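Q: I have a structure open that I have not seen before. Can you walk me through it?

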Amino acid sequence: MKGHVMEEVFRTNDPVKLSYIRHLLSEAGIEVFVLDEHTAYIDGRGPLVPVRVVVHEDDADAARRALNELDQDG
């Protein structure tokens, strides 16, 4: 059973990159949680704050390996 501790593995303001990250981690069998997604778009103009991608602590190393080629663009 997975622990309840989550670790941030990526953050981005790019909705296309976010979609790709979700797909990539899902394909790797890693459950993905996205934080601040609705807050980022609250005014309808685009992301105001970075959207954070978090995973279970047990999956963090595998997620980082899967994402190591992507840039952290803030």
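Q: What kind of model is it?
A: It is a predicted model.

Q: OK. How many helices and strands does the protein have?
A: There are 3 helices and 3 strands.

Q: And what pattern do they follow along the sequence?
A: The pattern is β-α-β-α-β-α.

Q: How do strand 1 and strand 3 run, parallel or antiparallel?
A: Strand 1 and strand 3 run antiparallel, and 6 bridges join them. Within that pairing, Phe-10 stands opposite Val-53 of strand 3.

Q: What about strand 2 and strand 3, how many bridges there?
A: Strand 2 pairs with strand 3 over 4 bridges, also in the antiparallel sense. Val-34 stands opposite Val-53 in strand 3.

Q: How many residues of strand 3 are buried?
A: 5 of its 6 residues are buried, so strand 3 is largely enclosed by the rest of the structure.

Q: Which residues are in the largest nonpolar core?
A: That core has 12 residues, including Val-9, Phe-10, Leu-18, Ile-21, Leu-25, Val-53 and Leu-67. Strand 1, helix 1, strand 3 and helix 3 are the elements that give two or more residues to this core.

Q: Take Leu-18. What is Leu-18 in contact with, leaving aside its neighbours within four places in sequence?
A: Leu-18 is in contact with Thr-12, Val-34, Glu-37, Val-51 and Val-53. Val-51 and Val-53 are also members of the largest nonpolar core.

Q: Thr-12 is on that list. Where is Thr-12?
A: Thr-12 is in strand 1. Thr-12 counts as buried, at 1% relative accessibility. A polar atom of the Thr-12 side chain lies 3.0 Å from the backbone nitrogen of Asp-14.

Q: Switching topic: how many salt bridges does the structure hold?
A: The structure holds 3 salt bridges.

Q: Which residue does Glu-7 meet in a salt bridge?
A: The side chain of Glu-7 meets that of Arg-64, at 2.9 Å from N to O. Glu-7 lies in strand 1 and Arg-64 in helix 3, so the pair ties together parts that are 57 residues apart in sequence.

Q: Next, what does Arg-52 pair with?
A: The side chains of Arg-52 and Asp-36 meet in a salt bridge of 2.6 Å, N to O. This pair links distant parts of the chain, with Arg-52 in strand 3 and Asp-36 in the loop between strand 2 and helix 2, 16 residues apart. Arg-52 is partly exposed at 26% relative accessible area, and Asp-36 is partly exposed at 28%.

Q: And which residue forms a salt bridge with Arg-11?
A: Glu-8 does, with the closest N and O atoms 2.7 Å apart. Arg-11 is partly exposed, with a relative accessible area of 32%. Glu-8 counts as partly exposed, at 32% relative accessibility.

Q: Now His-56. Buried or exposed?
A: His-56 is buried, with a relative accessible area of 10%. His-56 is found in strand 3. The side chains of His-56 and Glu-31 are joined by a polar contact of 3.2 Å.

Q: Last one: where is Gly-29?
A: Gly-29 is in the loop between helix 1 and strand 2. Gly-29 is exposed, with a relative accessible area of 62%.

Q: What share of contacts in the protein join residues at least 24 apart?
A: Among contacts between residues at least 6 apart in sequence, the share is 70%.

Methods:
Residues numbered from 1 in each chain as written. Predicted model: local features only at pLDDT ≥ 70, side-chain atom pairs only at ≥ 80, totals over all residues. Heavy atoms only, no water. Buried < 20%, exposed > 50% of the residue type's maximum accessible area, 1.4 Å probe, protein only. Polar contact = N/O pair within 3.5 Å; in protein donor to acceptor, adjacent residues only side chain to side chain. Contact = heavy atoms within 4.5 Å. Salt bridge = Lys/Arg side-chain N within 4 Å of Asp/Glu carboxyl O. Core = buried A, V, L, I, M, F, W, Y, C linked by side-chain atoms within 4.5 Å. Pairing = 2+ DSSP bridges.
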